[in-house]
Every structure is written in structure tokens, then in C-alpha cells.
Amino acid sequence: MPALSGDGRTVCVTGAGGFIASWLVKRLLEKGYTVRGTVRNPGLVRLVRNGVWNGPFQPDYITQACFEEKMIEPAIHGTQYVITAAADAGVKRVVFTSSIGTVYMNPYRDPIKPVDDTCWSDLDYCKQTENWYCYAKTVAEQGAWEVARKRGVDLVVVNPVLVLGPLLQQTVNASTDHVMKYLTGSARTYVNAAQAYVHVKDVAEAHVRVYETPGAHGRYICAESTLHRGELCRILSKLFPEYPIPTKCKDEVNPPVKGYKFSNQRLKDLGMEFVPVLQCLYETVKSLQDKGMLPVLPPNDQDELMMTL
Ligand SMILES: NC(=O)c1ccc[n+]([C@@H]2O[C@H](COP(=O)([O-])OP(=O)(O)OC[C@H]3O[C@@H](n4cnc5c(N)ncnc54)[C@H](OP(=O)(O)O)[C@@H]3O)[C@@H](O)[C@H]2O)c1
């Protein structure tokens, strides 16, 4: 049997109890790494089998950030603190979880051309459209590159699109709610919008690959495929017809919005193969059911369904 690539070496995963991070911890442990995790609430973490769990520890900056209510400041300063702490500790490589939100939000980009690692979101446009998530992530990633350059840290960035798949944690995170709301009846219609998706295991794997590949550098878009919200609802209805999934678009006037095209070639060049979105959606819903976050309904029993929801 080949030696595990981790070979007991220590890596640190910040926010280790989160949706993506918990899968990353799991993958790293499977690969033989020793994982040191940072969490804000150690009581919430129930990890992990088949490996070593050294931690958690709670650095000051994480504790301080608890009192900060805004999204932008913690994203920007938290990122800079982590890179600075890594530089101080002599960490060899930092892999930063950024977002596609730092890439595509730009009114001046050519809509025909796939977005790739060279594209950056336009901060003024993020502000005008009040897309504070993309604004915060863009400033945070730009700050990360700046601090890394100044401090000589070897930084590599992963830019995932919307992440779905089974949950390891006990709460529904924002990206899982993207699917959940179409199953509970809380969304009566779907919006006229498109979205790219990726499986959480692929996001974890992407982090490990860019960490382990000596020549990895720059930004890596982590995406499988794009669906219009109508397609998403149709797939969910086929897979789980027992739920009250919307059949109508909120916007009955305009043609369906086309999503941005993207290139995931850089990760494919590192040997990545992506889980198809259909499987990803299936596993997401099954996981919500298994964890008791979504009631399991008898197939097509509408009366039962209305009572349960
Ligand atoms: N999920 C997606 O679709 C997606 C797509 C692209 C990029 N991303 C990025 O990937 C990262 C993880 O996302 P996720 O979906 O895994 O989110 P998640 O499940 O909500 O996890 C977020 C993690 O960050 C920690 N955190 C939040 N605010 C913090 C603060 N002020 N100080 C210290 N720690 C803080 C949380 O700690 P607690 O457990 O203590 O709350 C949690 O562990 C985020 O940076 C997100 O922007 C996510």
C-alpha cells in the first residue's frame, strides 16, 4: 500500500467546524495528516474518526471576531490575521478559501468568455448592487494576496461556486439552505437566475491538491456545472416528487437568465474529476433527511405532505 501523503505532518484548518472545513478536515485525516483546527465554539465540534484530532485551539483573533456583527470587517481582517499568523509561524503554504464571488461580479467582462482565474469582481459594481458578500470576499482575497506578497507567504487560492453535498455538521449552512428552501414550501416560486454548483467533497479535494502540488499557484476555480433555478427545481422534483417544489418562475416576463460560463481547467490539470450536479443534489437532500433536518415524506402523498409541512 502506498504511504499516505500526509505522513503525520501537521496542517491547520481555520473555522474547522464549518460545512466545507469539516469535509476538508476529514479528507486530510484520511490522507494521514495531523489536523489542528480553530473553532469559535469547541462544544459544537464532533469530529472525527480514523485520524488524529489535535485541538481545537482558539486564537485571540477568532474570539475577538465573535463580537463583530458585520460581515465585511471579519472577512477582511480575519483573513489578514491568518496570513500574518502563518507568516509568523513559518508556515510553508497557505490555502485560502475564497469564492467565485471574487471573480464574476463585473459588468465590464465579456459575457461570452468563460470566467477564469484572471477575472476579478468590480468593487464599485458590488457596492452598487449591494452584493456585500462578493464585496467582502473580493476585498478579503485582494488583502490576502497583498499580505502574502509582503510577508513572503506561499499563498494559493480556491474559488468555489455554490457548494452542496452531505453535511457533517449539525446545522444547515447558507449554501445548503439554497436547496432546502425549495423542499420545505417556503419558496413558492423560483427566481429567474442561474447558479454554478460544486460538490463539497470536490472542494475539500481541491484544497488538498493545491496544498500538495508543489507547483500550484494563483487561483483555482472550483465548479462543476451551472443550472438555471428552473432546471434545479425540475431535477429536485424528479428526484423527490413528494416535496412541494416550485414549478413557476417569479419572473414571467423576461427570458431565462443565462449564468456565467467558467473554466475549471486548472483543477482538471491537477487531476480533479468533479461529481455531477445531479448526484450532488441527490446527496444533499438525502443528507438533510438523514440528519432529521428535512421530514421524510411518503412519495406523492399530497395530504400527508401538507400536514407535515
Ligand atoms: N458554501 C458555499 O457555497 C461557499 C462557496 C464559496 C465560498 N465559500 C466560502 O467558504 C468558507 C466556508 O463556507 P461554509 O459554507 O463552509 O460556511 P459555514 O459552514 O458557515 O462555515 C463558516 C466557518 O467560518 C467560521 N466563522 C464565521 N465567521 C467567523 C468569524 N467572524 N471569526 C472566526 N470564524 C468565523 C464559522 O465558525 P462557527 O462555526 O463558530 O460559526 C464556521 O466554522 C467561507 O469563507 C465562504 O465564504 C463558501
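**Figure 1. D7, in the segment before β1.** D7 sits in the segment before β1 (10-14). Helices (H or I, at least four residues) and strands (E, at least two) are DSSP runs, numbered from the N terminus. This is a predicted model: local features need pLDDT of at least 70, side-chain atom pairs count only at pLDDT 80 or more, and totals for chains, interfaces and linings use all residues. Residues are numbered from 1 along each chain as its sequence is written. D7 is not a glycine, yet its phi is positive, at about 50°. Most residues other than glycine have a negative phi. Is D7 buried or exposed? D7 counts as exposed, because it has 10 C-beta neighbours inside 10 Å. (Buried means 20 or more other C-beta atoms within 10 Å of the residue's own, exposed means 12 or fewer, and partly exposed lies in between; C-beta atoms are placed from the backbone.)

**Figure 2. E130, in the loop between α4 and α5.** The loop that holds E130 runs between α4 (123-128) and α5 (132-151). E130 has a positive phi of about 55°. E130 is not a glycine either. E130 counts as exposed, because it has 8 C-beta neighbours inside 10 Å.

**Figure 3. The shell around the ligand.** How many residues surround the ligand? There are 21, and the closest are G15, G18, F19, R40 and S175. The largest share, three residues, comes from α1. By type, the shell has 10 nonpolar, nine polar and two charged residues. (Ala, Val, Leu, Ile, Met, Phe, Trp, Tyr, Cys and Pro count as nonpolar; Asp, Glu, Lys and Arg count as charged; the others, Gly among them, count as polar.)

**Figure 4. N173 meets G18 and F19.** N173 lies in the loop between β6 and α6. N173 is partly exposed, because 15 other C-beta atoms lie within 10 Å. Leaving out residues up to four places away in sequence, N173 touches G18 and F19. (Two residues are in contact if their C-beta atoms, placed from the backbone, lie within 7 Å.) N173 and F19 are 154 residues apart in sequence. In space, C-alpha to C-alpha, N173 and F19 are 6.9 Å apart.

**Figure 5. α1 packs against α7.** Two packed helices are described by the angle between their axes and the distance between the axes. For α1 and α7 (residues 200-212), the angle is about 60° and the axes are 8 Å apart. (Axes are lines fitted to C-alpha atoms, for helices over the stretch in contact, and angles run from 0 to 180 degrees between N-to-C directions.) α1 and α7 are therefore oblique to each other. (Angles under 35 degrees count as roughly parallel, over 145 as roughly antiparallel, 65 to 115 as roughly perpendicular and the rest as oblique.) The crossing of α1 and α7 is right-handed. (A crossing is right-handed if the near helix is turned clockwise from the far one by less than a right angle, and left-handed if anticlockwise.) From α1, the contact includes F19, W23 and L28; from α7, it includes V200, A204 and V208. The residues of this contact divide into nine nonpolar, one polar and three charged.

**Figure 6. α3 runs alongside α5.** The axes of α3 and α5 come within 8 Å and cross at roughly 20°. α3 is therefore roughly parallel to α5. α3 passes α5 in a right-handed crossing. Among the residues that meet are I72, I76 and I83 of α3, and W132, Y135 and V147 of α5. This contact has 13 nonpolar, four polar and two charged residues.

**Figure 7. α8 packs against α10.** α8 (residues 229-239) and α10 (residues 277-290) pack at about 60°, with axes 10 Å apart. α8 and α10 are therefore oblique to each other. Which residues make the contact? α8 gives I235, L236 and L239, while α10 gives L278, L281, Y282 and V285. Seven of the contact residues are nonpolar, none polar and none charged.

**Figure 8. R188 and P246.** R188 is in the loop between α6 (174-183) and β7 (194-199). R188 counts as exposed, because it has 11 C-beta neighbours inside 10 Å. R188 and P246 are 58 residues apart in sequence, but 5.4 Å apart in space, C-alpha to C-alpha.

Definitions and conventions: A residue is near a molecule or strand if its C-beta atom, placed from the backbone, lies within 6 Å of it.
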